[in-house]
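Work through the exercises below with the sequence and the 3D structure at hand. Try each task before reading its solution.

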Amino acid sequence: MVLNELGARINGALQALSKESVIDDKALDALLREICGALLESDVNVRLVQQLRVNVKKRVNMEELASSTNKRKVIQNSVFDELCSLVDPGIEPWQPRKGKQNIVMFVGLQGSGKTTSCTKLAAYYKHKGMKVGLVCADTFRAGAFDQLKQNASRAHIPYYGSYTEADPVQIAADGVAQFKKDKFDLIIVDTSGRHKQEVELFAEMEQIAAAVKPDNTIFVMDGTIGQAADSQARAFKESVDIGSIIITKMDGHAKGGGAISAVAATGSPIVFIGTGEHMHDLDKFSARPFISKMLGMGDISGLVETVQDLQLDKNEDMMKNIAKGVFTLKDMRDQLQNIMKLGPLSKLMGMMPGMSPEMLKSMDADESTKKLRSYMCVFDSMTEGELNSDGKLFDDEKRLRRVARGSGVRMVEIQALLMQHGQFGQMVKKMGGPNGMLSKMNPAAMQQMAKNPGAMNPNMLKQMGGMGGMQKMIQQMGGMSGVQDMMKQMMGGGGGGGGMGNMQEMMSQMMGGLGGAMG
């Protein structure tokens, strides 16, 4: 994940504070010195770092805090809020609306990953059900149209460009007019890369903006740019009205702080972060979850949204099976296929609380993807009857050997897969069936929980057997250890010794928090 080193250093400083026997101004100064030093080393603008220090000191006045106040908590909350303010200008980002024709113009420095980001954004909104078109108005860089054409073809997205027309303003206007005529929901215009010294290219950018009248102008910022980000961002802001920012190349060793400083320079919100070359390597940005993930505290809202995007409720056969407490090999295959759609497993794991940047670093994303693909080969080598079974048919070694030959996967690995299926089956059995957790919830409550997983009201909790019933259910599941082992195996044994050891502690805290809220 991006800014791993920065997250680890800030985390270390906060942990050192929790070990202090006396929390006073001296302890606060030591904490701020470490955090500010880490931010400056990550190329965050010096003015912003100074402002963060002043704001935390203002919020944490040791003399005014009552002796009974939990000073550690106050300091930690203040630091978290100020870190969020660094990347959040407090402006709601523009969102395209389905059913309306939305035009987005991309601007940015040459080599910032603008053309790739155009296609990633198009693929993202196509996945959301929108009709999206791409226009290449970059006539300055040789091969720009070829690159966009290749990317768009790979993602099955319509595109417009020209090898003969030299005027980018004309191409942009014609492309937008064509897609408007065909009733496209979202039209994305890619422009030439430029920097603040190139006066002619800046004038061209203004002319394109006047011709296509974009609803939103997205500034693409290279995550490796460093301290130059501030002046470049201000120059773009003076020429066109930048509505939002996409930061790219945040998957490498880039410090990233300079690009984050561009938020303050433009006063525009970051909407996405590019974390790789693949189409799915574009993460939706939200300030609090971003800082939370950076500090190893997870991103529950992102996890819920990702799972909701999969529309698991549309798999009626599986939902019926779960309600009965049945989990077949076919159900498992469908689930693993859905997980593969999310991209690398490390991305999903990064959203889980307790997963520190160091733990994610040690996970081999390529190995886990390879393992999932081999599992798909195993399922493809099974008969329909075997897929619809609970896996006990494979007690017969002949069947096991046949599937191993057909899939090219060793018998021992197939046995490991069947063991994971058995663990899932046990969890489903406890949830479904006549005496399971789901049977204690009425349909309305289940629907409410599916729509808003975070909002569990006391009545719903009562239907699940109260707080005690819920804790008992977690204990029956092995305190999440079954899930832990399964994820470790699927990640190719990654995660080091730490694994998901904090999961049990996190669940108890969540239980305590819910109990307090109802008290």
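Accessible areas come from the Shrake-Rupley method with a 1.4 Å probe, and for residues only the protein chains shown count as cover. The model is predicted: local features need pLDDT of at least 70, side-chain atom pairs count only at pLDDT 80 or more, and totals for chains, interfaces and linings use all residues. Residues are numbered from 1 along each chain as its sequence is written, and side-chain values use heavy atoms, leaving out hydrogens and water.

**Exercise 1.** Describe the protein chain as a whole.

Step 1. The accessible surface of the protein chain is about 25000 Å². Carbon and sulfur atoms hold 52% of that surface.

Step 2. Buried means under 20% relative accessible area, exposed over 50%, and partly exposed in between. Of the 519 residues in the protein chain, 49% are buried.

Step 3. Helices (H or I, at least four residues) and strands (E, at least two) are DSSP runs, numbered from the N terminus. The protein chain has 25 helices and eight strands.

**Exercise 2.** Is Asn45 buried or exposed? Find its place and its contacts.

Step 1. Asn45 sits in the loop between helix H2 (25-41) and H3.

Step 2. The relative accessible area of Asn45 is 8%, so Asn45 is buried.

Step 3. A contact means heavy atoms within 4.5 Å. Leaving aside residues up to four places away in sequence, Asn45 touches Gln227, Asp230 and Ser261.

**Exercise 3.** Is Glu63 buried or exposed? Locate Glu63 too.

Step 1. Glu63 belongs to the loop between helix H3 (46-59) and helix H4 (71-87).

Step 2. With a relative accessible area of 77%, Glu63 is exposed.

How values were computed: Buried < 20%, exposed > 50% of the residue type's maximum accessible area, 1.4 Å probe, protein only.
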